[in-house]
Amino acid sequence: MSRFWSPFVKDLVPYVPGEQPKLDNLIKLNTNENPYGPSPEVVEAIRGQLDASLRLYPAPNADQLKEQIARYYGVTAAQVFVGNGSDEVLAHIFHGLFQHGRPVLMPDISYSFYPVYCGLYGIEAKALPLAEDFSIRPEDYQGENGGIIFPNPNAPTGMLLPLAGIEQILQANPDSVVVVDEAYIDFGGETAVALVDRYPNLLVTQTLSKSRSLAGLRVGLAVGHPDLIEALERIKNSFNSYPLDRLAIVGATAAFADQAYFEQTRQAVISSRDALTKGLVERGFQVLPSAANFVLARHPGYDAAELAAGLRAQRVIVRHFRQPRIEQFLRITVGTPEQNQALLLALDTLID
Ligand SMILES: *Cc1c(COP(=O)(O)O)cnc(C)c1O
């Protein structure tokens, strides 16, 4: 009944998330979730909130969580924005900071939600090709633009751009907001939050979905100059006053408080990634150098779609993007050592 739709809706091209299959006993290595559960203190905090207080609205500005995040990163609470997953934070960024009638620059191989937000908000997306080795070339990010966004480490390549490259982009674009989407930074990079006091045009986003094992709780954040945060608050308060519920606020706050658990699971994922990379290379795969909790890998002798199908037949799910330049690659989330071993054994049945 599309005659009831607002006209622009028929032209929307929505994002397609990796599947969440309902089957049991799957080795699920397709959506970059953390193989470990959240900190027990997170679960405890959420349990402690399960009472009659749920009849009350949550704190509209989630101040308790913002203060915890501000302490963690050594910034002020006025430099912190929180939202219902970093996807929502990103939507508000496109809406509130990127609509200038000029194209927004992003890598050609990058998070596929960015062009979707461009479509939603009527922004032109300008995709800049990654180098031959799939790295971001900072010198390409210049010229007239309405904003710049890229993940660091990039997704789905996993490759890290050092802070010097980010500074080069910031300095070349003093009149644009530069957004560094650090969904995976805790698995191998240095956060650009250290630069926000020097660059009023820098906005760093992060999520609790990956390194803090809370994809199901939906909490994301941005750190930047208070003027940028103010724009996001205006959008948020014109859209949904309570994006974080009471459980999300206490759970996310507890996650940032339990540094020991964070460190332990983060290191476990990093060493699993290195072991998985080694296992793939031993089997003839080319694996891009990853600073994330996934690897992008291709086997020169086998078709990626067929490998993905062969793995699926053995209940191992990985992600395959039918997209130029990477259609022969598989994106494999780093699992536990046991899950990674099961993946490698399944691959052994498919390759010589
Ligand atoms: C996972 C991911 C996000 C979204 O995270 P949520 O907080 O779960 O919405 C954002 N950007 C990139 C690059 C991601 O991989």
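How many residues of domain 1 are in contact with how many residues of domain 2? The legends below begin with the chain as a whole and return to this question in the last view.

**View 1. Overall fold of the protein chain in a predicted model.** The protein chain contains 10 helices and 12 strands. Its radius of gyration is 20 Å, close to the 20 Å given by the globule rule for 352 residues, and the chain is therefore as compact as a globular protein of that length. The C-alpha trace spans about 55 × 50 × 50 Å along its principal axes.

View 2. Of the 352 residues in the protein chain, 54% are buried. Among the contacts with a separation of 6 or more, 73% are made by residues 24 or more positions apart.

**View 3. Surface and charges of the protein chain.** The protein chain exposes about 15900 Å², and carbon and sulfur atoms supply 53% of this area. The chain carries 29 positive and 39 negative charges. The mean position of the positive charges and that of the negative charges are 5 Å apart.

**View 4. The division into domain 1 and domain 2.** Domain 1 is formed by residues 9-37 together with residues 260-348. Domain 2 covers residues 40-258. A distance of 24 Å separates the C-alpha centres of domain 1 and domain 2.

**View 5. Contacts between domain 1 and domain 2.** This view answers the opening question: 32 residues of domain 1 are in contact with 33 residues of domain 2.

Key: Residues are numbered from 1 along each chain as its sequence is written. This is a predicted model: local features need pLDDT of at least 70, side-chain atom pairs count only at pLDDT 80 or more; totals for chains, interfaces and linings use all residues. Side-chain values use heavy atoms; hydrogens and water are left out. Helices (H or I, at least four residues) and strands (E, at least two) are DSSP runs, numbered from the N terminus. The radius of gyration is taken over C-alpha atoms; the globule rule is 2.2 Å times the number of residues to the power 0.38. Buried means under 20% relative accessible area, exposed over 50%, partly exposed in between (1.4 Å probe, protein chains only). Contact means heavy atoms within 4.5 Å. Accessible areas come from the Shrake-Rupley method with a 1.4 Å probe; for residues, only the protein chains shown count as cover. Lys and Arg count as positive and Asp and Glu as negative; His and the chain ends are not counted. The place of a charge is taken as NZ of Lys, CZ of Arg, CG of Asp or CD of Glu. Domain bounds come from an automatic or database domain assignment.
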